[in-house]
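Dear colleague,

A summary of the findings follows it, with the criteria stated where they are first used.

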Amino acid sequence: MGNGSPGTPVVHGFPHLDTVRSAITALYRRLSPDGVHTYGTSLVPADAAFSDADDLHLGAQRVARALVQHLRLPDARMVVGFRTMEHAASVELTAGPEYFIELNDRFRTHRRDIGAALAHEITHVLLHRLGLEFPGTRANEILTDTVTTYLGAGWLLLDAFREDAVSRQKLGYLTPEEFGYVLAKRALVFDEDPSPWFTSPQAYTAYTQGRAQALRELRRPPLTAAGRAGRRRYAKDRRYAQDHPGTVADPGVPYAFESGDTGLRVSFPCPACHQRVRLPVRGRVSARCGLCRTRLECDT
């Protein structure tokens with residue numbers, strides 16, 4: 001895990017959103033909707049709680065066991081150690097069943113964030129066992145952060161974000177707002193409210209900003225919840241596509257029109273899993289995403 005050094009400037013905004021969305025799609029494809037829904041309850045704060053009175057190694061092992069159970073790795077044993085290192089943490093990926101996780105020595109005195117570091121590394125083990133990976137280190141780390149968060153343990157990573165006039169800390173590769181976005185996507189699917197779990201005020205702010213982005217995706221045409229301006233733009237683009245078959249779609253809008261033997265069709269990303277959905281252009285229609293099975297009310 002990188003980006004764990006206190007004092008490192010924190011990047012904000014949504015620069016990795018395309019990769020994050022691809023990660024959510026890949027997760028649904030690999031686990032299936034039923035598999036994803038087995039993670040319907042997030043890790044509870046008590047399972048990651050770590051006080052200064054706890055024995056360092058026993059406490060780290062306890063939190064690691066809780067995360068292994070949450071991520072459904074029943075035969076995985078985590079051996080946690082501490083050493084001086086550049087990054088926040090690392091894991092040795094082998095065939096198992098024993099995995100060696102090393103945490104940065106600074107976690108000896110920053111115990112409240114041990115759960116966050118372990119969550120990311122243990123998700124690496126899960127993805128290794130699932131055979132799910134993205135090409136390139138950065139994309140693969142973004143996949144790991146996204147899956148950690150979407151499966152209910154990544155709120156710890158967002159809560160590890162703290163920023164004030166004299167210091168700053170962030171764990172993981174996603175920006176705070178992107179962690180908030182993935183957390184909000186999960187909350188919408190599982191009807192959760194993670195906001196009471198945050199101990200960091202900056203984490204709560206980032207969550208609200210990420211949630212606003214996630215909610216905007218529920219109000220894009222051709223969804224019936226789209227706002228007036230979006231519906232007007234969609235109607236204009238639809239007329240143009242009908243009059244000019246084969247026109248390349250505007251990359252600035254989330255939908256694209258396709259002409260075929262059966263008439264005009266529109267494709268757009270599912271607001272839940274981001275798999276492309278294709279529908280005939282014929283007015284109001286109730287559809288279901290073929291990947292995550294989310295019900296979509298549309299006006300095509």
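**Sheet, helix and loops**

In this predicted model, 3 strands form an open sheet in the order E6-E7-E8, with antiparallel pairing. Helices (H or I, at least four residues) and strands (E, at least two) are DSSP runs numbered from the N terminus, and two strands pair if DSSP finds at least two bridges between them. At the edges are strand E6 (256–260) and strand E8 (276–280), each of which pairs on one side only. From one strand to the next, the twist averages 30°; axes are lines fitted to C-alpha atoms, for helices over the stretch in contact, and angles run from 0 to 180 degrees between N-to-C directions.

As to the basis of the model, residues are numbered from 1 along each chain as its sequence is written, and side-chain values use heavy atoms, with hydrogens and water left out. Because the model is predicted, local features need pLDDT of at least 70 and side-chain atom pairs count only at pLDDT 80 or more, whereas totals for chains, interfaces and linings use all residues.

Strand E7 (residues 263–269) runs antiparallel to E8 and is joined to E8 by 5 bridges. Within this pairing, Pro269 has Arg276 of E8 as its bridge partner.

Helix H9 (residues 228–243) lies across E6 and E7 and runs at about 25° to E6. H9 has 16 residues and spans 23 Å from its first C-alpha to its last, close to the 22 Å expected at 1.5 Å a residue; the expected span is 1.5 Å times one less than the number of residues. The buried residues of H9 are Tyr234, Ala235, Asp237 and Ala241, where buried means under 20% relative accessible area, exposed over 50% and partly exposed in between (1.4 Å probe, protein chains only). These buried residues pack against E6, E7 and strand E10 (295–299), contact being heavy atoms within 4.5 Å.

Three loops also deserve mention. In the loop between helix H8 (201–216) and H9 lies Pro222, which a cis peptide bond joins to Pro221, with omega about 10°. Asp191, in the loop between helix H7 (176–190) and H8, is not a glycine, yet has a positive phi of about 55°. Asp191 is exposed, at 72% relative accessible area. Arg293, in the loop between strand E9 (284–288) and E10, likewise is not a glycine and has a positive phi of about 70°. Arg293 counts as partly exposed, at 40% relative accessibility.

With kind regards
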